[in-house]
Amino acid sequence: MPASFTTDIPDVESLSLDASNPESLGATWDAVLNNGQYRLEIRDDDPDGDHPPYEHEATGAHDSPPDHVIENILGGEQYSVRIRTETDYKTGSWLTVEEVTKLVPSGDISFDATSETTVDISWSINNEFRGSHLIYRQRTEYEYDDDPAVDGRLLGTVGDGNNTFTDDTAAPHTEYVYQVKTLTQWQYANSSVSDSAETDDNGLPHQAAPPRGWHVEIDHPSGQTITPQILDGVQFEPRVNDLPRVRVPVPRDGAYSLESYEGADMRVYKDGDRKPIDELEDIVTDPGQCELVGVGGTQLERRVGTNVIQQETYTLVGDLIAEGTDYATVIDEPVVEEVVDELLQAVETTGEFDEAFSPSAADPFEAIDDGLEQVQTLFLNDAGSSDVSEIVDTNAGSAIDDDELTDGRGRTIDEASDYIQFGTFTNEMDVAADDVGIGVRWKVPSGGTDISVTLYDASDDSAVGTIDFTVGSGSFGPTWDFNNSTFGSDWAGGDVPSGDYYFEVNGEENSEDSLIDLVTFFDQRFHDSEDSDDFANDLHEPAGHLDSPTLYARQAEIETSDAETIYSVLTGYATTSWSGTDGQQAIAISNDGGRSWTEVQNADTLETDFETLGASLRLRIAAGGHAPNGPRDDATPRYGYEPHRLEGYELRFDGDDTPLVINDSRDADLIDILVDYAERSDSLLEVRQDGDDTVVHWAQAGQRSSDRDLPLANYSVTKRGDRTLRCTVKGGGRSTRETVTAALDEDVAFAEENVIPGTETVRDVESEERYEYLRDYTMDNSSGTIEPLATGDIEDGQELDVEYDFKVSGTFEHADYDGDPRHDRVETINGLTTVRGCELAAKLIVDTTSTPRWEADVEIPAGEHVDRLLEAFDVDGVAGEAMSVYDLDVSAGQLSARLGSRKRAEDAIRQIRSTVSATSDRV
């Protein structure tokens, strides 16, 4: 009898939802049925995960279009839609996707009516949604970082069906803008910012400040402005590197009515001139009276985020104030000391090259023989060679002649037992498995034999990896084939570290002749097997040679670490010495840690003016294998057969001591950022008032002059004798290794001084026996000497291998230095890594502090009005010396200040450390 069975039903494999149209959701799926139907269901999701059941939406026949539009959808909600296939006998599996529908923001904000303290608002609702409207406001006279819905005041909330709101917290005669946020449980959409609306004037006249005495105005959020009664003893407190404040005594009874005014706008006048005070900060209650404490420059308390790579401090300060506030600025460009053609780094020994470039085993460079030289990155074996060092063993017979092969000769492999073993080559780099390249140049006159090329480790004759090359069909060649290609298998071996290796070529099956010409191992990072310039295939003449592949990278780059300086670098100079500047040779310098470069090709000198100031110089070189005597005709390759070699270089610069901010990220109040920058650059910040405009002033200490006389209650003047005429700066630690000859019970000098205690390792050169401190030798770390002890195991005249860490150092002496140790100074600045950098830092410290510093401690009565603290003051007893504010202390009875005639030594050193630390921290 006939058998019956039910066939499997395919499942829908893809379902996409389109929420681009408000209040509808389009569903599209792949058609997989030739019978039956599709069932579509929908669920209105709950954000807390308490979802309702799915509801039937539609069914579609197997031959109907595979799409459906779901109507009456709410905007801004998440829906889950699922679909399955079904017949009378079987149902498929559900396929579920989810989508949040489009939420159209409400808009067209209009104002129906305004009064002195109210604004009636209405707007249009542009799609059905489930949620609420949030109403925000901003005053147009203030500057905000973002729109009202982000950086404004939330006034209230109304339901999703309500499109009106009354703002009853407005102030008289004030202009506002509004924004409405449409909000659901899943998303929100903000309206456009409205046009401005201005409330009515309450008719109260605004009185000008009186021409004599103190006058204060405070604005209540309701719009009321009061002028409190002022008692005697108003104290205005100007500040440097801080916000100004004022203390206004008022009657105790009147203070209670002002409690609701804290945080309100405040204006303070003295003799008709407005002071830099804009907010009532606090009300302090004392017996008999109270004080209104006002503060100015409050926009500087806004939180800002910064991410500075490198910029002059004074320009950065101006940018931050302009972006974060609506204050004006008066920022003085610093007065700087210029330096011209200053030597920053000179490198000419192997150790110096190794220290500057730090080439790794994966870099195609090495420091050797007092230079930096390219490492060979490609090795060639010639199958037609008759040199026993080239062909170690073979049963493939003697070389045969063929004018299409290099040097006109090759070897034939035509059966599985044939092999060619090549001589050993030394690979000096670590080559990762993904970068291993193996190639063969061969020719098949007809048919041919498949071959395998195996790389062996010469230290133990173990196979590192094998590449199988297939001939395909027909004749070809001569041509290059490589691993990971159509005719060459993938490299199945691992990494190839530095070491000795050799190749063996084997036949894989009996057939016709395969003629082997060249076999190569190379690093694919530096040689491109798909580039005909990297792997030439045309001989320069019959039985001649190929222009490439070059034995050295056609162009490889390496750069030094930063040579730091405490000066700002504007112009850079590089002078280099090369074995040749032909081919792909190039030099480049950077003053911003390698983010931007100026490069010249085929040159050994470079001079450039940088676009912005930097705090360091670094050198980048590009080198390629070259032909110092032109193309050769007796070997492959004809070009690139010798390495480029850098034999020495100097870096010099023009610059000045402009303070820089380097590698600095912040998320803090703007005033805190500015004060830190001021302290690090020996600068002063002061908030002042110019009519109705708040102005932030910035200058270096002592930069601005003034002939004002201070109203002093008391002062004392001191001439400090802490001059620095000789300075030694110790920098960061470096490592070195050298050989010295022992002299028992005598000091033997190292090449370097300032050895870091405990870092030395002393061994015998031949036996590598290690000797012990105190038992076999003692050290004088500061002078960099070792004393081998006759009581120990070291013998007189013995050669010792010594490895140690030391601090680089540099010294500068003033012409007036007479050896008096009182004028000596030793400082450690760990970020400096070169002797020249230390010398330049020492010079700057001496230049800054070689003259005596006059200091004055002054007291100014509280009732006296003093401002413009950035300007230097003349103080009796210090003839010809203008004094700048360095420290300021404000108390209830007086203002106390310490003035100085020049930068303090500790300020100069802190500024240097700040610059160098930021440079060395840069990644």
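**Close-up views of a predicted model**

View 1. In strand β39, the bridge partner of D457 is Y501. In β37, D457 has S462 as its bridge partner. Strands here are DSSP runs of E with at least two residues, helices are runs of H or I with at least four, and both are numbered from the N terminus. Two strands count as paired if DSSP finds at least two bridges between them. β36 spans residues 451-457, and six of its seven residues are buried (under 20% relative accessible area; exposed is over 50%, partly exposed lies in between; 1.4 Å probe, protein chains only). Seven bridges join β36 to β39 (residues 499-507), and the two run antiparallel. Strands of a sheet pair through backbone hydrogen bonds, either parallel or antiparallel.

This is a predicted model, in which local features need pLDDT of at least 70 and side-chain atom pairs count only at pLDDT 80 or more, while totals for chains, interfaces and linings use all residues. Residues are numbered from 1 along each chain as its sequence is written, and side-chain values use heavy atoms, with hydrogens and water left out.

**View 2. The β36-β37 hairpin.** β37 covers residues 462-469 and pairs with β36 in the antiparallel sense, over seven bridges. Four residues lie between the two strands of this hairpin. In the turn, D461 has a positive phi of about 60 degrees.

**View 3. The open sheet β8-β9-β12.** Three strands form this open sheet in the order β8-β9-β12, with antiparallel pairing. β8 (107-114) and β12 (164-167) are the edge strands, and each pairs on one side only. On average, neighbouring strands of this sheet are turned by 25 degrees against each other, direction ignored. For such angles, axes are lines fitted to C-alpha atoms (for helices, over the stretch in contact), and angles run from 0 to 180 degrees between N-to-C directions. β8 and β9 (residues 119-124) run antiparallel and are joined by five bridges. S110 has S122 in β9 as its bridge partner.

**View 4. The open sheet β52-β55-β54.** The strand order is β52-β55-β54, and the pairing is antiparallel. β52 (748-749) and β54 (777-780) each have a single partner strand, so one side of each is left without a neighbour in the sheet. Four bridges join β54 to β55 (residues 785-788), which run antiparallel. M779 has I786 in β55 as its bridge partner.

**View 5. Helix α5 and the residue after it.** α5 (residues 670-680) is mostly covered, with eight of its 11 residues buried. They are L670, I671, I673, L674, V675, Y677, A678 and R680. Just after α5, D682 takes a positive phi of about 55 degrees.

**View 6. Cysteines without a disulfide.** The whole structure holds zero disulfides (pairs of cysteine sulfur atoms within 2.5 Å). For C727, the closest cysteine sulfur is that of C838, at 9.9 Å, too far for a bond. C727 is buried, at 0% relative accessibility. C290 is also buried, with a relative accessible area of 1%.

**View 7. The whole chain, for context.** The chain has seven helices and 61 strands. Of its 923 residues, 49% are buried. Among contacts with a separation of 6 or more, 71% come from residues 24 or more positions apart; contact means heavy atoms within 4.5 Å.
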